[in-house]
Amino acid sequence: MILCGPFLTFAPMVSGNEDPSELFTAAYEEYADAIFRHCYFRVFNRDRAKELMQETFMKTWEYLRKGEKVDNIRAFLYKVANNLVIDEVRKKKEVSLDSLLEAGFEPGFDGAAEMKTKVDQWKVLSTFHKIEQSYRDVLIMRHVDGLSPSEIAELTGESTNVISVRLHRGLQQLRTHLKNG
Amino acid sequence: MDRDLESFFGMAREVALSPAERGQLFAAFLPLLSLGIAGAVRNAEPARHTMQMSKSDQHFAGQARHAVRLSPGEKSAVFRSIQKFMKDYPYVGSESRQTSWSIVDLFAQVRLMPMMASVLILVLGLGGTASYAAQSALPGDTLYPMKIYVNESMRSTFAFSPEAKARVESARAQKRLEEAEVLALETRLSPEHAAFLTSQMEKHSANVRRQIERLQESGQVEIASEIDEHLNTSLLAHDFVLQKVAHSRQGARREIAVLLKGVRTVADMRETDGGIAIAAVAMDAANGEASATVALKQETVADEGASSSIIARAIVTDHKAEAKIDEAHSRIAAVRSSIESRKNGASVSLQSEAKIVEAESALAEARIKLRTGSSGEADTLRKQSLRNIEEAQLFMNIEQKLGAEGNKKERSQGAASAQLKHAQKKIDDAWALFARVGSSADAEAKLNDAKAKLAEARIKLDASLFGESQDLSKAASKLIAEARSILTAAERSVRQSDIQHRIDEAKKKAQEKKEEVLREADRKIQDIVP
């Protein structure tokens, strides 16, 4: 109600009956967490992941607002997010987890989370970090985001074959690290 | 996919945004959505300048009225955005599970507080900007009542879980103290204000305590302890700040004394009320060692002149060290895999193998030390492990250069000798451990057995019976490993009570420190208010 004031301002009417706001709000509701999670495991920084998620949705909004049609909003969101993350990683030249910590720069934990979850999350992060980047990315897309190999192929512009091989090798590496850790 | 992988990805999938974060991040889009709805402007007929001005005026007015209005679809879309924002953005990370809201529901919630309802209507009428401005109001300002009775009350109302309520009330208590400090610095702290702020602070602190008890009862002991510590530390910090302000604004001394007395009372109450009890219970409840380390570190947090609250970084420190150990671990794995990938892997000297085994055991010990609180020893062991890895790599490089082939006899001799040396080192360590931990007939028997085997192995080695020597060394190593695990288990239980003892010590020290601080404050108050 405190917000009602500034927002119920008068505005001219929309022409036509397309209302991207509906679609957008629904997409946010459904996928905000997933996109955030995707970015988090690729940039190892909670705050940056939140920003990237926001940017993803912002870009998607721009696209929708222009009146463009989007058949599969989920695929669209992941594509935008993937491009943003690639740019980010290219800019930042992968930093090791260790030096991140030493710079006093923790990946960030949700303040309200219980300690056991924090420990778990840290283990997941550091394990992911040990895996080669190209394998890690597809592992995240397949097993955290739940995308199919063909969706991943479409998203990254690689062939399904290449994706399968990376998945296989990625899982191997993961198994090794989990066994030793 | 096997279970380990499943559980790994399961944990990964649990990462999510908190409701507060979701709401905050979505907030950026709200203004856009309103604009978006209004994005495409309907082509209203332009006003025609005709001679019949009045008619076209009317016509234009009609058009304007028609155009400048939200369609029903737009209205509900905007409102749904706001609903969503309201749902996702409670003031504190509360667990409100309300799925459908309407203004009616809102009033239903506050129906029991008729004054609140009328104030709400007032707020709606004002369009919300006044309530926003009230945020920085101080006692004596016109908008101050709105800050306390509207803004803060509303946050309190929408905090549903005990945890959320506790955090809200804690923030309110601290806010009152901040306001007092600012007022005093501006020499606006009247006796009435001082009395009011003190009683409000006491009221909110009591509310916090009540919620903490509820949290304890419902088993959320860690959160209860965290909130308790946080508030306690803040109160002490404000104590110091108030004293400092009193020194620089002599005119406000009496009023500040009132506040200090209030803070002292609350802090005191909280101690005897079982603030310590909470910490002890939290330690039992959680995974023993990890939270024990946290508790130990929190106890030694100092708050000299701190103007903002301090939250223990213990967890991060532990993880930092743990991460380093993991890194060392992966290096060992890398070295191992490079051994395996060599074509003539079988001929890689056992010397490097032995070094790697040493590295692994040092690392395993480092982990145990870390988890039982000896981070210094853990780091030493970790570094030792790294040195072993480097030596192993060095051996491997040398062997490569000299060529994989060598005298078969020499290799066996080297292998047997290395095995024996390795086992001897292990048995020395095990005896040291035995000396520390004490009685275990089982472990002792195993170690003695191993000792005998090693003596025999030496004899066989000297007699060039390398195969037999190696077998005996291996058998001895196995026995030593068994003995070690018995002893480490025994050690762990000794450590538990050791930790307990250290926590008690730390608590006593913290208690003494607090008492000293309060005595200091007392003395200072005596100076100010004789």
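Me: What share of the contacts in chain B between residues at least 6 apart in sequence join residues at least 24 apart?

Reply: The share is 72%, taken among contacts in chain B between residues at least 6 apart in sequence, where two residues are in contact if their C-beta atoms, placed from the backbone, lie within 7 Å. In chain A, the corresponding share of contacts joining residues at least 24 apart is 67%. This is a predicted model, in which local features need pLDDT of at least 70 and side-chain atom pairs count only at pLDDT 80 or more, while totals for chains, interfaces and linings use all residues. Residues are numbered from 1 along each chain as its sequence is written, and chains are lettered from A and ligands numbered from 1 in the order in which they are written.

Me: How many helices and strands does the secondary structure of chain B come to, and how many does that of chain A come to?

Reply: Chain B has 20 helices and zero strands, and chain A has nine helices and zero strands; here helices (H or I, at least four residues) and strands (E, at least two) are DSSP runs, numbered from the N terminus.

Me: Why does A:Phe44 count as buried?

Reply: A residue is buried if 20 or more other C-beta atoms lie within 10 Å of its own, exposed if 12 or fewer do, and partly exposed in between, with the C-beta atoms placed from the backbone. A:Phe44 has 21 C-beta neighbours inside 10 Å, so it counts as buried. It is found in the loop between helix 2 and helix 3 (46-65) of chain A, and it has a positive phi of about 60° although it is not a glycine. Most residues other than glycine have a negative phi.

Me: Why is B:Ser464 exposed?

Reply: B:Ser464 has 11 other C-beta atoms within 10 Å, and therefore it is exposed. Its place is in the loop between helix 19 (441-462) and helix 20 (466-528) of chain B, and its phi, near 60°, is a positive value in a residue other than glycine.

Me: What makes B:Leu433 count as partly exposed, and what makes B:Ala416 count as buried?

Reply: B:Leu433, in helix 18 (residues 408-437) of chain B, has 19 C-beta neighbours inside 10 Å and so counts as partly exposed. Not counting residues up to four places away in sequence, B:Leu433 touches B:Arg484 and B:Leu487; the C-alpha atoms of B:Leu433 and B:Arg484 are separated by 7.8 Å, although these residues are 51 apart along the chain. B:Ala416, which also lies in helix 18 of chain B, has 25 C-beta neighbours inside 10 Å and therefore counts as buried. Leaving aside its neighbours within four places in sequence, B:Ala416 is in contact with B:Leu461, B:Phe466, B:Ser469 and B:Gln470.

Me: How do you know that the largest nonpolar core lies between domain 1 and domain 2 of chain A?

Reply: A nonpolar core is a set of buried Ala, Val, Leu, Ile, Met, Phe, Trp, Tyr and Cys residues joined through C-beta atoms within 7 Å. The largest one has 45 residues, and those with the most contacts inside it include A:Ile35, A:Phe36, A:Cys39 and A:Met53. Helix 2 (residues 20-43) of chain A gives the most to this core, with 11 residues. Domain 1 (19-94) and domain 2 (131-181) of chain A both give residues to this core, so it lies between them; the domain bounds come from an automatic or database domain assignment. Apart from it lies another core, of 32 residues, among them B:Ala166 and B:Leu183.

Me: Why are helix 12 of chain B and helix 20 of chain B called roughly parallel?

Reply: The axes of helix 12 (residues 221-248) and helix 20 of chain B come within 11 Å and cross at roughly 25°, the axes being lines fitted to C-alpha atoms, for helices over the stretch in contact, with angles running from 0 to 180 degrees between N-to-C directions. Angles under 35 degrees count as roughly parallel, over 145 as roughly antiparallel, 65 to 115 as roughly perpendicular and the rest as oblique. Helix 12 and helix 20 of chain B are therefore roughly parallel to each other. Among the residues that meet are B:Leu236 and B:Asp239 in helix 12, and B:Val517 and B:Ala521 in helix 20.
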